[in-house]
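Subject: Structure for you to look at

Hello,

Here is the structure I said I would pass on. Please have it open while you read the notes below.

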Amino acid sequence: MMMSPGKLSVIIPLYNAGEAFAACMESLVAQSWNALEIIIVNDDSTDCSVAIAHQYAEKYPHIQVITQPNAGVSVARNRGMEVATGEYVAFVDADDLTYPTMYETLMTMALRDNLDVAQCNADWCDSVTGHCWQSIPLDRVRSTDVMSGPDWLRMALASRRWTHVVWMGIYRRKMLDDCGMSFIPGLHHQDIVWSTECMFNAKRVRYTEQSLYKYFIHDTSISRSKRQGQKNLAYQRHYIKITRLLEKLNRDYADKITIYPEFHQQITYEALRVCHAVRKERDPMIRQRMIAEIFTSGMYKRMVMSVRSAKLGYQALLWSARLWKWRDKKLCIRRLARQAVNLR
């Protein structure tokens, strides 16, 4: 796909966003950056948001709608990148808002400093109460000069308040193409792996502490849904896979960049999410299956081996003791035996 210098392609996966999508689109057409194309990827929506998408596409020549069979947000983002023509790409969730100067601010930074990635802060907003707060508090991370991607990621992870989300930035499309970046179909929270690999490849990154994006937290959001039983088990498998993918990234890039302690420890932090989910699970059998998978998948070993600080080491050891105490040894042995048979 040809690339237009100075142009930004904004990709929006759309699946049943409802009336909120109109507000999202209004915030995008109000952007002060004029060199903009908006790509809506309709992931087989069945509600009014499809009609809203087509209304905006008919009214504004820089907006287009692509429709695909329902395949999830990752496939929709990948499809959007395939047709994007901008020098940079950005991603927006269909029920969020962008502030009017968001892309003017980020594109000005990117073009002036020849950036691979320009990132901003964001406001998080509870959709029920309307309460808002800044994603990255100013006492944790301030605006930066140009940094390398690994150095920025190290600082962001060390703050413990940076979130692996792709909508808080713009990304040079050539960099993404050159390193074969794509989103993993079917993986929840695929932003964690994608943003990590993106920063591993970025040579020039800059961050502004300005909040330029408004993210709405809903009770129906994937991360906020209260899961129990089989749904909880299936969901935690995504995090187990993420720990494996992060470990693989560290291994694959070890001869290209410095693998800082923070890059190892984010594996432990993601693994601890699964451990906390075990404690909250009420079904005894599902709980045992989760514990068994923590051990047989190798996640337990990754959690412990990725520790690089005394504080995190204490948490890992504490959870190790709990898991060993709670586990059903026979179930773990049976799962290991089944895995051995499958590997033959």
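Arg-154 is partly exposed, with a relative accessible area of 34%. This value, like the others here, comes from a predicted model. The side chain of Arg-154 forms a salt bridge with that of Glu-262, at 3.2 Å from N to O. Arg-154 belongs to helix 5 (residues 149-159) and Glu-262 to helix 9 (residues 261-280), so this pair ties together parts that are 108 residues apart in sequence.

As background, side chains of opposite charge can pair when their charged atoms come close. The structure holds 14 salt bridges in total, and a few others are described below.

Lys-248 and Asp-252 meet through their side chains in a salt bridge of 2.6 Å, N to O. Both residues lie in helix 8 (residues 230-252), where they are 4 residues apart, about one turn of the helix. Lys-248 is partly exposed, at 38% relative accessible area, and Asp-252 is partly exposed too, at 34%.

The next pair is Asp-113 and Arg-112, whose side chains meet in a salt bridge at 3.6 Å, N to O. Which of these residues is buried, and which is exposed? Asp-113 has a relative accessible area of 14%; the cut-off for buried is under 20%, so Asp-113 counts as buried. Arg-112 is exposed, with a relative accessible area of 52%.

Regards

Definitions and conventions: Residues numbered from 1 in each chain as written. Predicted model: local features only at pLDDT ≥ 70, side-chain atom pairs only at ≥ 80, totals over all residues. Heavy atoms only, no water. Salt bridge = Lys/Arg side-chain N within 4 Å of Asp/Glu carboxyl O. Buried < 20%, exposed > 50% of the residue type's maximum accessible area, 1.4 Å probe, protein only. Helix = DSSP H or I, 4+ residues; strand = E, 2+ residues; numbered from the N terminus.
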